[in-house]
Amino acid sequence: MPFVLFRSGPVRCDLLCSGLVVAILTAGIAAPAFGQAPSSPPAPSASEPAPTKAPATAGDTFGEDAALAAKTIIYVKGSGTWDKAYDIISGSFKKIKTYLDKEGIKPDGLPMTIFTSTDDTGFEFQAAMPIAEPPKNPPRGELSVGRSPEGKALRFIHRGSYEDLDNTYEAITNYLDDRRLEAKDMFIEEYETDPATTDAKKLVVHVYVLIKNGQASPG
């Protein structure tokens with residue numbers, strides 16, 4: 001384990017800074033942001049590490065194969081501290097919703113936060129909403145148009161408080177360490193429950209870890 005502390009920063013920082021990257025994306029909108037290609041891992045042999053258990057609901061697959069497809073996104077770029085992460089991120093999604101409602105644009109997937117840099121105290125991010133195509137009237141100021149990350153990934157599910165994501169990130173790091181997998185330098189949170197309106201203690205978050213080329217999950 002490359003870290004011992006949790007949600008205040010080091011967990012997510014070490015996932016990013018040590019090359020063990022995590023990706024999560026979320027909201028209550030119909031289609032998922034990325035095309036997923038799940039597969040069921042076989043039971044481990046005596047010589048293989050047992051699957052790392054997530055602190056989440058029974059029945060959720062922890063470490064499911066997924067293929068992230070790039071999509072057009074409207075996003076807000078920013079930074080913040082871990083102690084105010086949820087308020088900062090949910091506030092960014094409210095700005096995106098205001099623009100989409102004004103332009104009559106419907107989301108084409110789940111809202112996501114793309115973490116591009118982290119350290120012990122804070123982070124840099126892009127809060128993004130997928131849309132079907134670039135808007136005819138592009139946003140100005142804080143909002144921009146771009147493309148979401150793509151590639152081979154693993155998906156992990158978190159249910160509950162945003163603060164309790166620390167435990168999920170610790171389990172993800174153990175999972176990657178056990179399987180000697182190396183991730184790309186970013187992670188994504190995708191929100192099945194809308195972070196702009198949902199109680200911070202009742203979230204369903206998909207965490208996506210983008211795996212470097214040439215590596216395959218053991219299952």
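The model is a predicted one, so local features need pLDDT of at least 70 and side-chain atom pairs count only at pLDDT 80 or more, while totals for chains, interfaces and linings use all residues. Residues are numbered from 1 along each chain as its sequence is written, and side-chain values use heavy atoms, with hydrogens and water left out.

Tyr-191, at 1% relative accessibility, is buried too. There are 11 aromatic pairs in the structure; rings of Phe, Tyr and Trp (its six-membered ring) pair if their centres lie within 6.5 Å, and planes under 30 degrees apart count as stacked, over 60 as edge-to-face and the rest as tilted. With ring centres 5.8 Å apart and planes at 80°, Phe-93 and Tyr-191 make an edge-to-face pair. Phe-93 sits in helix H2 and Tyr-191 in strand E8, so this pair ties together parts that are 98 residues apart in sequence. Helices (H or I, at least four residues) and strands (E, at least two) are DSSP runs, numbered from the N terminus.

Tyr-169 and Phe-187 pair edge-to-face as well, at 5.5 Å centre to centre and 65° between the planes. Here helix H3 supplies Tyr-169 and strand E8 supplies Phe-187, 18 residues apart. Tyr-169 is buried at 0% relative accessibility, and Phe-187 is buried with a relative accessible area of 0%. Both belong to a cluster linked by ring pairs, which also takes in Trp-82, Phe-115, Phe-123 and Phe-125.

Then there is the packing.

As for the strands, E3 pairs antiparallel with E5 over 9 bridges, where pairing takes at least two DSSP bridges between two strands. Tyr-75 stands opposite Ala-128 in E5. E3 also runs antiparallel to E6 (residues 143–147), joined by 5 bridges, and Ile-74 stands opposite Val-145 in E6.

Key:
Buried < 20%, exposed > 50% of the residue type's maximum accessible area, 1.4 Å probe, protein only.
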